[in-house]
Amino acid sequence: MNFSEVFKQSNQLCKLSPDGKYLATCVQYRLVVRDVSTLQILQLYTCLDQISHMDWSSDSLFILCAMYKRGLVQVWSLEQPDWHCKIDEGSIGLVSSRWSPDGRHILNTTEFHLRITVWSLCTKAVSYIKYPKACQKGLDFSRDGCYMALAERRDCKDYVSIFVCDDWHLLRHFETETQDLAGLEWSPNGCVLAVWDSCLEYKVLLYSLDGRLLSTYSAYEWSLGIKSVTWSPSSQFLAIGSYDEKVRILNHITWKKIAQFEHPATIDNTKATMFKEVEKRPAVGSDEMSLLNISVGTTLFNTQSKYEIYPLPVQIPVVKPDPDRANPKIGISVLAFSSDSRYLATKNDNMASAVWVWDMQKMSLEAVLEQTSGVRCFQWDPRRPRLALCTGNSKLYLWSPGGCVSVQVPTEGGFQVQSLNWHCSGDSLVLLGKEQLCLCYMDSD
Amino acid sequence: MRQFSQSPLPLHRNPYVLSAFCTEHNVKECLSHLNQEVLPLGLPPVWAESGGSSELNVVAVLNCMYDLIQLHHKGLRTLENMEVEQLKSSSNVECLQLTTTRLKEQLEVSKRENTGLLERERQLQLKVKSLQNCLKNEKEEVQKLQNIIASRATQYNHEMKRKEREFNKLKERLNQLLVDKKEKKQAIDVLHSIGRADGKRSLWKTEKTEAKHEGEMYKTLLSDYDTRQRELVLENAELRKVLQQMKKDMVSILSSRKAALKSDKHDHSGLQNASEEDEEEVFDSSKESVELSCVHAREKLTNSIRLQWRRLKNHVERLDSQVSLAQIGERKNTDAVPRETHEEEMDRLKLEIQQCKDFIQSQQQLLQQQLSCPCDEEAAPLLNDCFMLQEKNRLREEWKTIEEQRTIFERERRNFTEAAIRLSHERKAFEEDRAMWLKHQFLNLSPFTDTKKSALSKSKSAFLISAETDPSAALPLDNVMKCHSDRASPTPRSVSLTSSSTADLYRTFCLIPENSSTKPKRKNGQAEESSIHFSENVPIQYKHWNDSEEHSSNVLFEDKNSSI
């Protein structure tokens, strides 16, 4: 495993291009494009204000930089560096900006979610979409880029509109039986749209592409409901994580629950492996504590850690959430399937330092990873069943069915890994710290 | 005195005989006896012996009698009293007995009542406990609902606050916009438009495009359903196969068991039916594969599986019960024999196992010896192979024969192909020849026959030889002929070297005597041709005409050399 040197970035804005060749980072108001393999700076663009959001177009030819405070979006071309495009939303303000799947339209959501403006870079034409809903995930494009589903709210009722991304033609518009629609997501095969309600009501509605309601699922009433929803890459399963610390799996044929994964504080009676991160502090003698050592090596304070396998039964530390606060820190907030749909990784918010890995073939717990501090981010390798996670310290953790490993990121000045992103080939990782980024190249097996 | 005391005793006892006690003879004895009797009663003695007179003291006797009578009366009175007392006490006793029985009964009744009451108390206590549990549960439920309400309330409040904040922001923004005179409009500033991602021109939104979108959408859905259905069909087929396999296995197990249990009459009839049904079902399974999608076939399969499974289960249960009975040893006569045979069988099997183990052991030892024994360098490879030697020889011989056969086949194949090629060429040549011959037949009619006749035969042979030596020679000659025919006149085309043209040739020959105008022309053309082919100057002339056909010129050279 090799680590690159550390580069500066701001606002955690660092994205790899969809074709995997370039790495774009934002440093204050500059956009830096590097080559992924050599990390040499290929292009440097300057925006008018501090960049709030940055994204690649789907064909990796253009990058949009949004500056929400100024209400501006600037688009840069990789092929023609002198090409420029500036979209000014004017007094209406800007809250979010994104590319359309064809990479030629930009969708800007105005302040207060008054409307969505669709700017065309081909024809400079403008279209408007009214009454978009301000919710957790109100807009989703299907994976093949043909359709866009948008949540709308009119007259205190929730609607879903399906647009054809080709010409923004409204294909279907239907009301949903939700109290307060919180999010929607297309299945990877683009034929089913999952729509879920806010946490006050546990309800998942499944709509076919042509707007027919296929099925409704509700596990229980009254208690706080759905916290997170994700599809498996094969579109076979829909995993729903809820505030009752359980994950329910629905199957795509009958849309009924086929499995329920629980996250108890005491793990017993499973064939799962329990990995616990154990820190080993290097023994430092008093005579070694010279000034030179301290200045040179913060590695002195970097504790080594490794994983140990603990026999069951095992207790996982639980942090009880404050009952008086809204959106309590309890329940399954993150769900991620591996690319072959074989594994599901979950995180329960009141056991923030544990990551649970479930085997979808056996429908049982495969492994539990307990870290020394709260898990910040985890992501599956896009090519193979390998999970990378980070907990805000200077280490990178990897789990695969063969085992677990903890790797120290060798940087001076203490690089705290706060989030990570895999490269589309699965050969490298982008590690983001507070103001820094670092690339990690995996060994080619 | 004893005599007297003894003898009158029975008289005393007998109350009816009163006078037998005292007679004239035993007066004294009687008196002394009476004294003795009276004294313990506390009465004065009736007779004093010392008086010496045997005369009776009448006063004393009368007193004594009076006393005795008084005593008697007293006795009677006491007796009466006692009897009364006794009666009283007996009635008391009866009374008491009655009361005790009554009280006992009462006690029993009250005991029973007591137990009943205890029982009720216990039940009530249980009920109280369960009600307490219910109450606890309800309290918990209430608490949970209260918690839920509280969390929902916090969530609502949070949302309200958020919405209020947003509302405030909106109000501020509205104020700002009203105050702000200059309104910043939306604008896009692009250096130049970029092409579409797919390079196509965008279309107007018309009904046609809308319909197209609808169509595409339904196509996507349909293809998804299609793939899913296909997957499900495959899965179904797999499962069906598994079920069939299971059924076959079960049927085979049951039928084999049936043969073993033929002695058991109880099962016989049942199994007979089962076997009949099994046969029927086994026969049907071949049909079932055909009617894969038929609902009835599916139901039949699952039902038959269930039936077989139940039978197998019953059978296993029966076996289990038999085994348990055998262990208990109730039915000795029927179980003794199987048990003995079973034991014999066991022993035999054990012996067999031991023998096999020994055999394996010895084999292993030999093998070890083989591997570990240090042989000579030369002998080792030989010895190593000696086990396989015979096999190897046989295989080698077989291989040889196969190789020979293969070469033979190859040769034959080659010969066949060559023969086929040759045949085709010969045929072509023959056709050419025939055409040529016919043509010359026709030409023979002309005055230029004598010079050609000799050459004709040679040409034929030339053709034949060329065909044999160089199969491709015919082709350039064809081309030559053809190009000449092009240049000369259209009619020689009819003299092409295909079999279909022979009919044309005959026709032309028929026509020739009639149509004499065309004759010279034709003749000329053909004369040219013939001169081209059959004169000695052919190569040079040929070269002039067709420089590219060097190959054919070479051939002609050859022909010339070989034939002429």
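How many salt bridges are there between chain B and chain A? The count is two. The legends below take a closer look, and keep in mind that this is a predicted model.

**View 1. Where chain B and chain A meet.** Chain A brings 54 residues to the contact, and chain B brings 41 residues. Together they bury about 4,500 Å² between them, with carbon and sulfur atoms giving 56% of that area.

**View 2. A salt bridge between R173(B) and E111(A).** Here the two side chains meet, with N to O at 2.5 Å.

**View 3. The side of chain B that touches chain A.** Three elements of chain B each supply at least two residues here: α4 (58–179), β1 (187–190) and α5 (207–260). The most comes from α5(B), which gives 13 residues. Sorted by type, the residues on this side of chain B come out as 15 charged, 15 nonpolar and eleven polar.

**View 4. Strand β10 of chain A alongside β1(B).** Now zoom in on residues 84–88 of chain A, which make up strand β10. This strand and β1(B) run antiparallel, and four bridges join them. To pick out one pairing, find K86(A) and look across to β1(B): its bridge partner there is D189(B).

Terms used. Residues are numbered from 1 along each chain as its sequence is written. Chains are lettered from A and ligands numbered from 1 in the order in which they are written. This is a predicted model: local features need pLDDT of at least 70, side-chain atom pairs count only at pLDDT 80 or more; totals for chains, interfaces and linings use all residues. Side-chain values use heavy atoms; hydrogens and water are left out. Contact means heavy atoms within 4.5 Å. Buried area is the accessible area (1.4 Å probe) that two parts lose on being put together, summed over both. A salt bridge is a side-chain nitrogen of Lys or Arg within 4 Å of a carboxyl oxygen of Asp or Glu. Ala, Val, Leu, Ile, Met, Phe, Trp, Tyr, Cys and Pro count as nonpolar, Asp, Glu, Lys and Arg as charged, and the others, Gly among them, as polar. Two strands pair if DSSP finds at least two bridges between them.
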